[in-house]
Amino acid sequence: MADPDGFREEMARTLAHDPYGHGSTSVAGERDRREATVGGAIVLYYVSGTVLTVTVVRMVALG
């Protein structure tokens, strides 16, 4: 990824504040397993509301 700091800032600005928003979609019918495009990357992540954590499990940079 060409701009890792920019990506982190974009994650903090978007998914960190609203992990179920930002155009994300559920994966395999699981509400807490999500996919979204953030900062030029496709991000697959899990949301854990009990500990307020978003865990990225796969990221594919576009371009």
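**Entry 1: V27**

I started with V27: setting aside neighbours within four places in sequence, V27 is in contact with R33, R34, E35 and L44. Contact here is heavy atoms within 4.5 Å. V27 sits in strand β1; strands are DSSP runs of E with at least two residues, helices are runs of H or I with at least four, and both are numbered from the N terminus. Buried or exposed? V27 counts as buried because its relative accessibility is 18%. The cut-offs I used are under 20% relative accessible area for buried, over 50% for exposed, and partly exposed in between, with a 1.4 Å probe and protein chains only. I also looked up V27 against Y45: they are 18 residues apart along the chain, and their C-alpha atoms are separated by 9.4 Å.

**Entry 2: what I'm working with**

This is a predicted model, so I note that local features need pLDDT of at least 70 and side-chain atom pairs count only at pLDDT 80 or more, while totals for chains, interfaces and linings use all residues. Residues are numbered from 1 along each chain as its sequence is written, and side-chain values use heavy atoms, with hydrogens and water left out. pLDDT is the predictor's confidence in each residue, from 0 to 100. The protein has a mean pLDDT of 86, and 97% of its residues reach 70 or more. Where is confidence lowest, and where highest? It is lowest in β4, at a mean of 78, and highest in β1, at 95.

**Entry 3: the sheet**

I found four strands in an open sheet, ordered β1-β2-β3-β4, with antiparallel pairing. At the edges are β1 (25-27) and β4 (53-61), each pairing on one side only. Neighbouring strands are turned by 35 degrees against each other on average, direction ignored; the axes are lines fitted to C-alpha atoms (for helices, over the stretch in contact), and angles run from 0 to 180 degrees between N-to-C directions. Two strands pair if DSSP finds at least two bridges between them. For β1 and β2 (residues 30-38), which run antiparallel, I get three bridges. S26 stands opposite R34 in β2.

**Entry 4: the core**

Which residues make up the largest nonpolar core? There are nine: F7, M11, L15, A36, V38, A41, V43, Y45 and V47. Such a core is a set of buried Ala, Val, Leu, Ile, Met, Phe, Trp, Tyr and Cys residues joined through side-chain atoms within 4.5 Å. α1, β2 and β3 (41-48) are the elements giving two or more residues to this core, and β3 gives the most, with four. I then checked V38: beyond four places in sequence, its contacts are F7, E10, M11, T14, L15, H22 and V43.

**Entry 5: two positive phi values**

Most residues other than glycine have a negative phi, so I looked up the exceptions. H22, not a glycine, has a positive phi of about 55 degrees. H22 lies in the loop between α1 and β1 and is partly exposed because its relative accessible area is 34%. A28, also not a glycine, has a positive phi of about 55 degrees. A28 is in the loop between β1 and β2; with a relative accessible area of 63%, A28 is exposed.

**Entry 6: D3**

Last, D3, in the segment before α1 (4-13). D3 counts as partly exposed because its relative accessibility is 47%. The D3 side chain reaches the backbone nitrogen of G6 at 3.1 Å. D3 and T53 are 50 residues apart along the chain, with their C-alpha atoms separated by 23 Å.

Definitions and conventions. A polar contact is a pair of N or O atoms within 3.5 Å; within protein, one must be able to donate a hydrogen and the other to accept it, and residues adjacent in sequence count only if both atoms are side-chain atoms.
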